[in-house]
Amino acid sequence: FPHDLVARELRRYPSAEVIWCQEEPKNMGAWSYVQPRLQTVLKASSRDPLALRYAGRDPSASTATGFGEVHAREQIGLVEDALVN
């Protein structure tokens, strides 16, 4: 994990909100790997590690709903959650 590169970006944007956005369900993507590492970098950068936010699909037994329309709606929702909310 590139701790030094993430810390450098945090210094460049001191008031930025840190959000992890992924397309996969929460239990299938990289979230479980990056969450503790991002929190470590946040803490080392004197930021609140609990302020890290996840934007993505809820945990699921399947990688996709199987319905194109539902998938498209979910996709729009997770991007809006990451960029708008």
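Reply: Pro49 is in contact with Gln39, Leu42 and Lys43, once its neighbours within four places in sequence are left aside, where contact means heavy atoms within 4.5 Å. This is a predicted model, in which local features need pLDDT of at least 70 and side-chain atom pairs count only at pLDDT 80 or more, while totals for chains, interfaces and linings use all residues. Residues are numbered from 1 along each chain as its sequence is written, and side-chain values use heavy atoms, with hydrogens and water left out.

Pro49 is found in the loop between H2 and E2; such names stand for DSSP runs, helices (H or I, at least four residues) and strands (E, at least two), numbered from the N terminus. With a relative accessible area of 21%, Pro49 is partly exposed, a class that falls between buried (under 20%) and exposed (over 50%), judged with a 1.4 Å probe on protein chains only. Between Pro49 and Arg37 there are 9.8 Å in space, C-alpha to C-alpha, although the two are 12 residues apart in sequence.

The loop between H2 and strand E2 (53–57) also holds Ser46, which is exposed, with a relative accessible area of 72%. Phi of Ser46 is near 60°, a positive value in a residue other than glycine. For comparison, most residues other than glycine have a negative phi.

On the H1 side the contact is made by His3, Val6, Ala7 and Leu10, and on the H2 side by Arg37, Leu38, Thr40, Val41 and Leu42. These residues divide into six nonpolar, two polar and one charged, where Ala, Val, Leu, Ile, Met, Phe, Trp, Tyr, Cys and Pro count as nonpolar, Asp, Glu, Lys and Arg as charged, and the others, Gly among them, as polar.

Leu42, which Pro49 contacts, is one of the 10 residues of the largest nonpolar core, together with Ala7, Leu10, Val18, Trp31, Val34, Leu38, Val41, Leu52 and Tyr54. A nonpolar core is a set of buried Ala, Val, Leu, Ile, Met, Phe, Trp, Tyr and Cys residues joined through side-chain atoms within 4.5 Å. H2 gives the largest share of this core, five residues. In soluble globular proteins, nonpolar side chains tend to be buried together.

As for the chain around this part, it has three helices and two strands, which run α-β-α-β-α from the N terminus on, and buried residues make up 21% of its 85 residues.
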